[in-house]
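Here are a few friendly notes to read with the model open beside you. Take them one at a time, and find each residue as you go.

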Amino acid sequence: LECDIIINPNIYGGELDYGAYTVAAVLTGPAYNLVAPAFFEARANRQPQTPPRILISLGGTDDGQTGGPMAAAILSGADGSVDLVISPVMGAAAMISDLEAKWGVRLAVHRGADMARLMQTASVLVCGGGVTVLEGLAAGLRPVAIHLAPDQVLNIAKLRQWGVAAF
């Protein structure tokens, strides 16, 4: 295949073989990722809370069905609070209102969110192994990344090599 430029911004991009391409330039790795400047600004303005705030964001399709039980487990076993980000376009799972009633101010549910702002005060980020984990790293967080989709397998493996908690 012929092309002028290949851009692969994934953290594993430099490890792939591009030999099948006739190309003038191959640009790979996180230096070419389109992480918004706000996440780097969040790093400079970090204000982690005590007791800790755990930020859970499991992608734009999570209506709370996945993140809700995680939030409940964390709140049951630790001090602190949880910011749970759920889909801004899907209705909230039925359990979300029950969790909000049970945990009160310790659980803040965000239907879509300014993630850079939430990352400024988070102590830990629990997220998928896609773009959000890179945003969290840019914001200075130590994420716990979870393989949620088939296209995240190589990211998860690379994150483990970097010493990130990735499953």
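1. Start just past the end of α3, at G104, where phi is positive, at about 55 degrees. Keep in mind that this is a predicted model.

2. Now step back into α3 itself, which covers residues 95-103. Which residues of α3 are buried? They are I96, L99 and W103. These three span an arc of only 60 degrees around the axis, so they lie on the same side of α3.

3. Turn to the other side of α3, and you will find D98, A101 and K102 exposed.

4. What do the buried residues of α3 pack against? Their partners are α2, β4 (81-86) and β5 (107-111).

5. Let's look at the helix partner. Two packed helices are described by the angle between their axes and the distance between the axes. For α2 (residues 67-77) and α3, the angle is about 15 degrees and the axes are 10 Å apart. Angles under 35 degrees count as roughly parallel, so α2 is roughly parallel to α3. The crossing of α2 past α3 is left-handed.

6. Finally, zoom in on the contact between these helices. From α2 come G68, P69, A72, L75 and S76, and they meet M95, I96, L99 and W103 of α3. Sorted by class, this contact has 7 nonpolar residues, 2 polar ones and no charged ones.

Terms used:
Residues are numbered from 1 along each chain as its sequence is written. This is a predicted model: local features need pLDDT of at least 70, side-chain atom pairs count only at pLDDT 80 or more; totals for chains, interfaces and linings use all residues. Side-chain values use heavy atoms; hydrogens and water are left out. Axes are lines fitted to C-alpha atoms, for helices over the stretch in contact, and angles run from 0 to 180 degrees between N-to-C directions. Helices (H or I, at least four residues) and strands (E, at least two) are DSSP runs, numbered from the N terminus. Angles under 35 degrees count as roughly parallel, over 145 as roughly antiparallel, 65 to 115 as roughly perpendicular and the rest as oblique. A crossing is left-handed if the near helix is turned anticlockwise from the far one by less than a right angle, and right-handed if clockwise. Contact means heavy atoms within 4.5 Å. Ala, Val, Leu, Ile, Met, Phe, Trp, Tyr, Cys and Pro count as nonpolar, Asp, Glu, Lys and Arg as charged, and the others, Gly among them, as polar. Buried means under 20% relative accessible area, exposed over 50%, partly exposed in between (1.4 Å probe, protein chains only). The arc is that of the directions from the helix axis to the C-beta atoms.
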